[in-house]
Amino acid sequence: MNPLLPGGAGATSDGTFGGVVSYGNRVRDMHPLNVAVVLACISLLALVTPRPVGLVAGCVAFLGLAVAAGVGVPFARLYAKLLLGVGLVLFVLRAAFADGNQVLFEWGPLAPTREGVRDGTDFALTVMVLCGALTLYFALVPMKTLMLALELRGMPPQATYILLASFQAISDLSRSARVVMDAQRSRGIETEGNLWVRAKAFLPVLAPVFITALNQTEERAVALDARAFNSGIPHTHLLQLRPTPTWERAATTLVAAGCLATIGVRLLWT
Amino acid sequence: MSTQSLISRYGRLTIFMIPIGIAINFVGGQLALLLKLPVYLDSIGTILVGALCGGIPGALVGLISNGINSITSPPTLAFGVLSVIFGLLAGWLGKRGVFTVFWKTLASAIPFALIGGVLGALITLWVFGGLAVGGGALVVGALMATGMDVTTANFVAQVPMDFLDKVPTVLAVFVVLRGIPRRIYAKLPLGEVYLRARGVTPAPAFTASRPAPGGQM
């Protein structure tokens, strides 16, 4: 079972109990906007506390929160990939090319400096804190739950539809692109070889996928209109958010107050 | 702009075009990776929706695509302004019929590439001190290793790369626009431009029914 998918005891396959979103885990069952507040506070605290200790503590806090939410292993895997693909690249580039006086060693045209390494570490860790907050948020809160929370707070259904439909369209179109690519290959279009050969395959693959997708918008618009999507009356929802318990409200308020107090102290201190 | 005013100004179909535009941006980029092409091709949807629906919907496609990209790579958030400008420019050019003629479409790659290359380099310099993330940063690093200063390296790396990227992007937009059936054009805000280019004169009611031509399904 994918731990990023809902599946607490008694949960249905889509994480609902008779329509109420629940995962059987206190962290994952938090209100989407409370999760956003907590993660934003951790990020802000990590950014305002002395570097690089604060930044490292922020990254560790995200890992701890992921473990508590039962998504530790998949989140750690994804975070490690980001560390190698984004964090390490940022660090190496800055360490190797940023200006500085104290040269650590020389290797061909490269002369990493102590200042460059420090700058690279801070910058890469700052980005990793932001990456951690965003990726953990979407590991904890499914997009449909977030959109429901926003809609209940007054966001128009058309706006939430645009965001939800975008994610769905990305996966649909990706699948369709692979099918069309296989089909075009079987018709003899070369997708391997030199750059010019591969470039020539781009339009025959892309055009049918995109034109079909654009044509389908008309059918989608008719289907949603038939379901009174654009009517002015309030919409009904298949899912419901769990009522927010008092402890969760209190904990979120405490975290936010603690964060603001720390930032205030830091600003006054410096 | 609220969604209701977006609908009343651009028509309902525009609301459904925005997610498709966002998906096209992502799939364009994925196809470029699958075919191992040295270009991004991640703004086809922004320019396409801008050309079909107008500047604001195009800018929204760019902005949301950038926001989704930044989930896994926060530094890309700084470049969101580029995507918004691409969308607005595509709407402006689309209204003037630029995407109905092949050579004009090809020439439109110049402003897109200049904005992407020059403004992209300036953002990299201002926000990241000249070293951001991605393939471009590696080229900048390599140029700096040869002794070039960080400002020159950013412009030298990014402007030609953006030209390489925007020429196939606008060509893809042109090909897709040619393949869209007339009945879809009739329901899109800038569809009139493309219908006229195909020799179809819209009925007087078509233009008189603004706002929301074709959007009233």
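Q: What should I know before reading values off it?
A: This is a predicted model, where local features need pLDDT of at least 70, side-chain atom pairs count only at pLDDT 80 or more, and totals for chains, interfaces and linings use all residues. Residues are numbered from 1 along each chain as its sequence is written, chains are lettered from A and ligands numbered from 1 in the order in which they are written, and side-chain values use heavy atoms, with hydrogens and water left out.

Q: What is the mean pLDDT of chain A?
A: The mean is 86, and 93% of the residues of chain A reach 70 or more. pLDDT is the predictor's confidence in each residue, from 0 to 100.

Q: Where does pLDDT stay under 50 in chain A?
A: Over residues 1-11. The model has 22 contacts beyond four places in sequence for that stretch; contact means heavy atoms within 4.5 Å. Where pLDDT is low, the predicted coordinates should not be read in detail.

Q: Which domains is chain A divided into?
A: Domain 1 covers 16-141 + 242-269, and domain 2 covers 151-226. The bounds come from an automatic or database domain assignment. Their C-alpha centres lie 33 Å apart.

Q: On to the interface. How many residues of chain A are in contact with chain B?
A: 55, and they meet 56 residues of chain B. In chain A, Phe202(A), Leu214(A) and Glu218(A) lose the most area to chain B, together 13% of what that side buries.

Q: What is the area buried between the two chains?
A: About 5000 Å², with carbon and sulfur atoms giving 80%. Buried area is the accessible area (1.4 Å probe) that two parts lose on being put together, summed over both.

Q: How many salt bridges between chain A and chain B?
A: Three. A salt bridge is a side-chain nitrogen of Lys or Arg within 4 Å of a carboxyl oxygen of Asp or Glu. Over all chains, the whole structure has 10.

Q: Which residues of chain B does Glu218(A) pair with?
A: Glu218(A) bridges to Arg183(B), the closest N and O atoms being 2.8 Å apart. Glu218(A) also bridges to Lys187(B), at 2.4 Å between the closest N and O atoms. Glu218(A) lies in helix H8 of chain A and Lys187(B) in the loop between helix H10 (182-185) and helix H11 (191-197) of chain B, so this pair joins two chains. Helices (H or I, at least four residues) are DSSP runs, numbered from the N terminus.
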